[in-house]
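Welcome, and thanks for taking a look at this one with us. Below is a short tour, arranged by topic, to read alongside the sequence and the 3D view.

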Amino acid sequence: MTMKQSWQGWRVMVAVVLSIGLGLGVAQAEETKNQEGLWYSTESMNTGLPGEMDEAMLRTPREAMRSFTELTDKGDFEGAAHILNLTDLSPTEQRERGAMLARKLSEVFRRGKWLNISSLSGRRDAVIEDASGKDSRAGEPRRDIELVSMEVGSDAYDIRLGRYRISDHEPVWMITPESVRAIPALYDRYGPSRFEHYIPDRFKTPMGLLKLWEWFAIPLVLLMLWLIGKAVHALIGFMARWLPSGSPSIFVIQIQGPVAMIVVALVTQMLIEYVVSFSAIFATTLRVALITVMAWSAGAIALTLVDTFMLHLTRHMVGQIDDAKPRDDRKLLTTLYALRRVIILVLVISVTIYVLSQVKLFETLGMSILASASVLAVLVGVAGQAVLGNILSSFQLSLAKPVRIGDLVMFEGQWCYVEGIFYTYIRLRVWNERRLIVPVTYFASKAFENLSAGNTREYRSMELNVHLNADIAVLREKFLEFAQEEDDVIEHHKLLCSVTAQTISAQTLTCFLMASDPISGWRAEANIRERMLAFIRDHHPDWWPRNVMVISQQDITRGDADAP
């Protein structure tokens with residue numbers, strides 16, 4: 001082997017070694033870069049705090065917050081301060097304020113929003129685990145997670161956990177510096193009230209989900225609120241006695257309960273805002289209940305106002321619900337019934353959305369609900385088909401107005417007045433004052449005759465069966481006389497009386513008259529029939545129809561009958 005060839009071999013070997021070293025360096029740099037994305041690196045942490053941090057308690061978000069809760073429950077706030085990232089404070093400030101910040105944060109968790117530690121990740125890298133694959137972030141490691149988000153006035157503050165690697169130690173989870181800076185503001189809003197400073201420390205011992213003093217205070221507060229509600233209810237009832245009878249007094253009496261509930265809710269809200277603050281579980285539940293009560297009470301007052309106005313309109317503008325009143329009044333009353341249903345629908349939807357938003361149902365079940373929307377739609381459609389159909393049909397009737405409140409309809413052979421159109425049924429008043437409750441879908445699917453559509457006039461007919469020898473001219477004259485004397489008969493030029501049928505022994509006389517409305521027409525027909533029958537009975541009893549019995553086949557009209 002020549003010297004030149006040996007030199008070339010060495011150059012190739014050096015090039016290979018350099019390439020391998022460069023590749024390993026790039027791979028190592030890339031791996032280091034990827035690993036640094038899993039945590040925040042720092043050389044030191046909380047050097048001003050006494051004692052040392054137990055890294056074994058902070059390996060996962062769940063372990064970190066469980067350790068924080070256990071330490072604060074035991075009163076070891078100095079130990080809990082090690083779970084806070086106090087790098088924004090100097091070592092001296094860390095030693096002076098660390099325990100105090102841990103205590104304040106524990107009060108914020110206790111009174112602001114309840115932290116469900118079991119819902120936190122139990123993995124060191126806080127990877128989102130979703131076996132269904134519906135979460136787009138599933139499988140991605142995290143180094144920063146949100147615990148809770150709380151509002152102070154118009155500002156929102158997040159309490160977050162961050163993953164930190166201190167020098168060459170194992171990464172740990174700690175409260176982020178940004179969250180530490182928000183503790184004073186959150187404590188001023190959610191911390192204990194002045195009242196609690198006067199409570200002896202022995203009553204502040206945790207007992208289950210609440211503190212000992214809360215188990216005694218809550219029943220007393222509820223008793224006080226019940227007494228306040230009873231007092232407001234009695235006061236409103238006393239005020240109603242001084243109001244004039246009618247719509248104002250009816251309205252005030254009916255809103256006794258809702259107003260009392262609103263006053264109780266407002267007093268309770270003032271108590272938990274300015275006097276005493278309870279634990280987060282009770283306070284959150286109470287706030288949702290208060291908003292729900294206030295919303296339902298305000299909706300009940302609005303419904304009562306609409307109902308009272310409808311009653312006033314019925315009494316003073318429409319009177320008794322029938323078709324003899326102006327169409328505009330009946331149309332307005334029908335619109336009010338539709339408005340009442342809209343208020344109920346808006347109230348139910350608004351309160352439901354608010355309650356769901358308060359309990360964070362959409363955050364925990366939102367993806368599952370959206371993914372199962374088709375299944376839920378089928379279940380709701382099958383289970384509530386009848387109810388939903390009735391609701392939609394009621395809105396259809398209210399908008400199209402084929403019938404209005406007060407219309408006279410002929411439904412399944414019965415004369416009925418439409419008294420009310422509700423969500424799922426229609427209330428009809430039968431002519432004999434009975435009430436017929438009909439499902440809206442059933443009513444809308446059946447053919448009915450609206451006797452009040454267009455105008456209420458009705459052309460009625462009356463039949464009389466008389467003997468063949470009755471004088472039709474005399475009966476016609478009497479009919480015209482009697483009909484013109486009836487107040488319910490209008491358009492006298494349309495009166496008519498003619499023979500419309502004949503049998504071997506009688507003839508049928510049909511009389512026609514025009515009435516202002518069906519009920520008035522029925523009444524006029526009955527009166528005229530009675531007078532016609534009385535006239536025949538008193539003056540021409542031989543005009544009554546009678547049975548004919550054939551005793552001979554001889555035609556007596558020819559005059560050639562043989563003697564018997």
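Of the 564 residues in the protein chain, 36% are buried. Please keep in mind that this is a predicted model. The protein chain holds 16 helices and 15 strands. Among its contacts with a separation of 6 or more, 66% are between residues 24 or more positions apart.

**A helix pair: α2 and α4**

- Let's begin with two helices, α2 (residues 61-73) and α4 (residues 91-111), which pack with their axes 10 Å apart and at an angle of about 105 degrees.
- This angle makes α2 roughly perpendicular to α4, because values from 65 to 115 degrees fall in that class.
- Which residues of α2 and α4 meet? On the α2 side they are Met65, Phe68, Thr72 and Asp73, and on the α4 side Ala102, Leu105, Ser106, Phe109 and Arg110.
- Sorted by class, the contact of α2 with α4 has five nonpolar residues, together with two polar and two charged ones.

**Strands around β3**

- Strand β2 (residues 144-152) runs antiparallel to β3, and eight bridges join the two. Here Asp144 stands opposite Gly162 of β3.
- How many residues lie between β2 and β3 in their hairpin? There are two, and Gly153 in the turn has a positive phi of about 65 degrees.
- Strand β4 (residues 172-175) is likewise linked to β3, by four bridges in an antiparallel arrangement.
- Tyr164 turns up again in this pairing, where the residue opposite is Val172 in β4.
- The hairpin of β3 and β4 has five residues between its strands, and the turn residue Ser167 has a positive phi of about 55 degrees.

- One point to find in the viewer is Met410, whose bridge partner in β8 is Trp415.

**A closer look at Glu419**

- Glu419 sits in strand β8 (residues 414-421).
- Is Glu419 buried or exposed? With a relative accessibility of 8%, Glu419 counts as buried, because the cut-off is under 20%.
- The side chain of Glu419 makes a polar contact of 2.9 Å with the side chain of Arg435.
- Glu419 and Val430 are eleven residues apart in sequence, and their C-alpha atoms are 9.9 Å apart in space.

Key
Residues are numbered from 1 along each chain as its sequence is written. This is a predicted model: local features need pLDDT of at least 70, side-chain atom pairs count only at pLDDT 80 or more; totals for chains, interfaces and linings use all residues. Side-chain values use heavy atoms; hydrogens and water are left out. Axes are lines fitted to C-alpha atoms, for helices over the stretch in contact, and angles run from 0 to 180 degrees between N-to-C directions. Angles under 35 degrees count as roughly parallel, over 145 as roughly antiparallel, 65 to 115 as roughly perpendicular and the rest as oblique. Contact means heavy atoms within 4.5 Å. Ala, Val, Leu, Ile, Met, Phe, Trp, Tyr, Cys and Pro count as nonpolar, Asp, Glu, Lys and Arg as charged, and the others, Gly among them, as polar. Two strands pair if DSSP finds at least two bridges between them. Buried means under 20% relative accessible area, exposed over 50%, partly exposed in between (1.4 Å probe, protein chains only). A polar contact is a pair of N or O atoms within 3.5 Å; within protein, one must be able to donate a hydrogen and the other to accept it, and residues adjacent in sequence count only if both atoms are side-chain atoms.
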